[in-house]
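Here are some notes on the model you passed along, as numbered points. Have the structure open while you read.

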Amino acid sequence: MGVAFVVGIVAFAGLDSGLVRSLRGFDSFLGVPSVSGSVIFFSAALTWTVGRFAGARYPHGVSVAAIVVTALGTIYQLLAVILNPSWYCVVLALLAIGVLLLAIVDCRAAQRDSVVAAVAASDRPKVLGIFLILAGLAGLTAAYNLSIDKVTAIISPTTALNCDRSLLVQCSKNLDSWQGSLFGFPNPLIGLGGFVVPLLIGIALLAGIRFGRWFWVAFNIGVIGALAFVIFLISQSVFVIGTLCLWCALVWTFTIPLFWIVTLYNLKGGNLRVPPRPARFFAAAYSWVPLITLVCYLIIALLYQVRLDALSFL
C-alpha cells in the first residue's frame, strides 16, 4: 500500500509539473494513472491483513472471494506492466502476485481448519454493514471522478469539466486550489485508498466476521480524521474558495453519517469504553443517526445560503 501510494504521488507530481503531458496505453483507457487503481487494490489488501491481525478468521467462502479479488488485482497490475512498462509497474505486479499467493494459502488454511462465521446471521449489524458498503462505494466513485477531473485540468486546462455547472457549482476551482492538494498531492488519492476500508469492513460484518477491539478503535480514529478533513474542506469551500464541488459534496454526504454511525456503534458496544450510564445514552442515540445527520446537512446548507446565497444559483 505504501509503495503504491508513493508511486501515485510521484505520478500525479509528474503530471502537475509538466513532465508528463499526456496519458498513454492503460492510463489513457482509465483516464488516470494506473497506479490510482493500485492504491485501491493494495489498500484493500492492507485492510484485510490488518483485520486478520485483529483476530478476524475468514471463512472458506470469504477466502475464496478474496482470491478472486486478488486475482483480478494481479491481472490489473500485469496489464499495467504490458501496456505501460516501467520499473514501478513491475514492482507493483510482483507485490500483487505475492498478495495473491498469501490469499491462496489463507484460503487453504480456512478450508483445512473448517473456519465458519464467528457471528450468527441474526446477530450481525446489518444496518452498519450495509451503510459502510454504500459509503465506501460512494466515496470511491467521488474520488475516482475527482481524479479524472484533476488529470483533465492538468493536461487540458481549457477543457470544461463535467462538474462545472455554474459560478457556484464547480470542481475546477477546488481542484486548482492549494486546499485541493493539502498535503502536496491531490486529495482524491486519499479517497481512493481510504474509502476501501469501510467497504471491506461492511462486507466482513455482513459475512459474520468479528474484529478485535483495537481494530474498531483504529477504524474510529481514521473516521474522526476523515470528518476533520471534511470539516476543513467545507469551511474552505464556503468561506475562502466560494464554490460547491459536487463530487466533494458526495464525499461529505457519506463521511458525516459515517462518523456518527461508527462512533455511536463503538460507544454502545464497548469498543470505546465509557461508564454504563453514558453507554446506555449512546445506545439510544445510535437510532438517532439519520436525524443527527440531517441536522448536520441543514447546518451546511445554511452556511452556503448565508455566505454564498446558494438558492439564487438554482
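1. Let's start with Thr293. Leaving aside neighbours within four places in sequence, Thr293 is in contact with Pro257 and Trp260, where contact means heavy atoms within 4.5 Å. Thr293 sits in helix 13, residues 289-308. Helices here are DSSP runs of H or I with at least four residues, strands are E runs of at least two, and both are numbered from the N terminus. Thr293 counts as buried because its relative accessibility is 6%; the cut-offs are under 20% relative accessible area for buried, over 50% for exposed and partly exposed in between, with a 1.4 Å probe and protein chains only.

2. A word on what you are looking at. This is a predicted model, in which local features need pLDDT of at least 70 and side-chain atom pairs count only at pLDDT 80 or more, while totals for chains, interfaces and linings use all residues. Residues are numbered from 1 along each chain as its sequence is written, and side-chain values use heavy atoms, with hydrogens and water left out.

3. Pro257 turns up again in the packing of helix 6 on helix 11, on the helix 11 side. Helix 6 covers residues 126-155 and helix 11 covers 246-269; their axes are 9 Å apart and the packing angle is about 150 degrees. That makes the two helices roughly antiparallel. For reference, axes are lines fitted to C-alpha atoms, for helices over the stretch in contact, and angles run from 0 to 180 degrees between N-to-C directions. Under 35 degrees is roughly parallel, over 145 roughly antiparallel, 65 to 115 roughly perpendicular, and the rest oblique.

4. How is the crossing of helix 6 and helix 11 handed? Helix 6 passes helix 11 in a left-handed crossing, meaning that the near helix is turned anticlockwise from the far one by less than a right angle (clockwise would be right-handed). On the helix 6 side, the contact residues include Phe131, Ala138, Asn145 and Asp149; on the helix 11 side, Trp247, Phe254 and Tyr265 are among them. By class, this contact has 18 nonpolar residues, two polar and one charged. The classes are Ala, Val, Leu, Ile, Met, Phe, Trp, Tyr, Cys and Pro as nonpolar, Asp, Glu, Lys and Arg as charged, and the others, Gly among them, as polar.

5. Helix 11 also meets helix 12, residues 276-285, with axes that come within 8 Å and cross at roughly 140 degrees. Helix 11 is therefore oblique to helix 12, and the crossing is left-handed. Leu264, Leu267 and Lys268 of helix 11 touch Ala279, Phe282, Ala283 and Ala285 of helix 12. Six of these contact residues are nonpolar, none is polar and one is charged.

6. Now helix 4 (residues 60-83) and helix 5: their axes come within 8 Å and cross at roughly 165 degrees. So helix 4 is roughly antiparallel to helix 5, and this crossing is left-handed. Their contact has 19 nonpolar, seven polar and one charged residues.

7. Look at the loop between helix 5 (87-112) and helix 6, where you will find Ser114. Phi of Ser114 is near 55 degrees, a positive value in a residue other than glycine. Is Ser114 buried or exposed? At 55% relative accessibility, Ser114 counts as exposed.

8. On to the cysteines. How many disulfides does the count come to? The count is one disulfide, taking a disulfide as a pair of cysteine sulfur atoms within 2.5 Å. Cys163 and Cys171 form it, with their sulfur atoms 2.4 Å apart. Cys163 is buried at 3% relative accessibility, and Cys171 is buried at 0%. Cys107 is buried too, at 6%, and Cys245 is buried at 0%.

9. Finally, back to helix 13, which holds Arg307. Arg307 is partly exposed at 48% relative accessibility. Not counting residues up to four places away in sequence, Arg307 touches Val238 and Phe239. Asp309 lies in the segment after helix 13 and is partly exposed at 37%.
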